[in-house]
Amino acid sequence: MANQPRQSEILLESGTNELEIMEFTIAGSTFGINVAKLNKIMKYEPVKRMPNSHQFVEGIFKPRDKIITVIDLPGFLGLPPSNSERDYFIITSFNKLETAFHVHTVEAIHRISWNNIEKPDNTIYGGSDGLATGIAKVKDKLITIIDFEKIVFDISPQSGIQMSEITELGPRERSEKPVFIAEDSQLLRRMILEAITSAGYNKVTTFNNGAEAWSKLQAVRAAVSNGSSIEKEVCCLITDIEMPEMDGHRLTKLIKDDAVLRKLPVIIFSSLINDEMRVKGEGLGANAQLSKPEIGNLVTTLDKWIL
């Protein structure tokens with residue numbers, strides 16, 4: 001598993017509501033990461049420690065032409081180190097950042113449906129402060145999907161959504177046009193909601209995942225059939241890609257394949273946006289695709305499609 005997964009092996013057909021997760025372990029506990037976030041897997045190698053860095057920044061190393069920060073994932077999760085030179089680095093790519101996470105073993109890649117990933121209980125997993133985005137059951141195992149974005153944000157807050165981008169947009173008029181947001185992370189959902197409402201949008205409805213948003217859109221379709229208009233019910237949908245039960249690509253496909261809902265503008269706002277994902281989103285009919293954490297760009301794009 002030390003080699004980078006071949007792209008032909010991990011690409012999935014768009015809109016099928018499936019993903020591939022890579023199973024890894026730390027101190028005997030089983031965790032997972034969406035393969036779409038995975039750039040490379042490497043055998044552990046010594047790193048250079050940096051003075052005055054965060055306590056869970058293990059150091060830096062330069063595998064090729066780029067310096068990469070290594071995060072001590074066992075330490076961050078409160079688990080013991082392995083003290084083994086047979087450990088691995090999981091090198092990720094999201095939010096336009098490359099980061100290495102130190103783990104103990106790399107096990108396998110599993111292809112599963114988002115329907116088979118359950119949202120963790122807030123009481124047990126810490127709500128917006130928790131680090132588990134989902135629990136996947138694969139055969140006889142329960143795999144905890146880690147919120148890698150939140151880990152990076154906790155260590156480096158400047159890498160996340162910056163409300164100053166909204167302030168820099170200057171004075172704005174208020175709008176009563178309804179906006180839907182589908183985002184499974186409590187932290188990001190709260191921050192996006194705050195940004196959108198601060199930017200002038202008063203009628204914003206949030207959903208925990210694509211399935212909840214699609215359920216509401218069924219009610220919108222019924223209202224339109226009874227004489228209402230889509231614009232009165234919802235003027236734009238902002239959706240993440242990674243979400244339990246139904247992901248953003250599946251949600252986009254359902255909307256754009258629907259004779260009534262297809263004219264609803266859909267903005268995909270995700271940490272996974274890259275050239276490959278952009279092609280997938282375009283094929284599904286997404287009206288715009290933006291990379292987190294560009295919240296100012298999200299607002300100006302929302303303005304374009306609503307105003």
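Colleague: In this predicted model, what makes strand 14 and strand 15 a pair?

Modeller: Two strands pair if there are at least two bridges between them. Strand 14 (residues 236-239) and strand 15 (residues 266-270) have 3 bridges, in the parallel sense, and therefore meet that condition. Within this pair, T239 stands opposite I268 of strand 15.

Colleague: Why are strand 13 and strand 16 said to stand at the edges?

Modeller: The open sheet has 5 strands in the order 13-12-14-15-16, with parallel pairing. Strand 13 (204-207) and strand 16 (288-291) each have a single partner strand, so one side of each lacks a neighbour in the sheet. From one strand to the next, the twist averages 20°.

Colleague: Turning to the aromatic rings, why is the pair of F24 and F148 called tilted?

Modeller: Planes under 30 degrees apart count as stacked and over 60 as edge-to-face, the rest being tilted. The planes of F24 and F148 stand at 55°, with the ring centres 6.3 Å apart, so the pair is tilted. F24 belongs to strand 1 and F148 to helix 4, 124 residues apart in the chain.

Colleague: How do you know that F148 is buried?

Modeller: Buried means under 20% relative accessible area. F148 has 1%, and therefore counts as buried.

Colleague: What makes the pair of F101 and F148 edge-to-face?

Modeller: Their planes lie at 80°, and the limit is over 60. The pair is therefore edge-to-face, with centres 4.7 Å apart.

Definitions and conventions:
Residues are numbered from 1 along each chain as its sequence is written. This is a predicted model: local features need pLDDT of at least 70, side-chain atom pairs count only at pLDDT 80 or more; totals for chains, interfaces and linings use all residues. Side-chain values use heavy atoms; hydrogens and water are left out. Helices (H or I, at least four residues) and strands (E, at least two) are DSSP runs, numbered from the N terminus. Axes are lines fitted to C-alpha atoms, for helices over the stretch in contact, and angles run from 0 to 180 degrees between N-to-C directions. Rings of Phe, Tyr and Trp (its six-membered ring) pair if their centres lie within 6.5 Å; planes under 30 degrees apart count as stacked, over 60 as edge-to-face and the rest as tilted. Buried means under 20% relative accessible area, exposed over 50%, partly exposed in between (1.4 Å probe, protein chains only).
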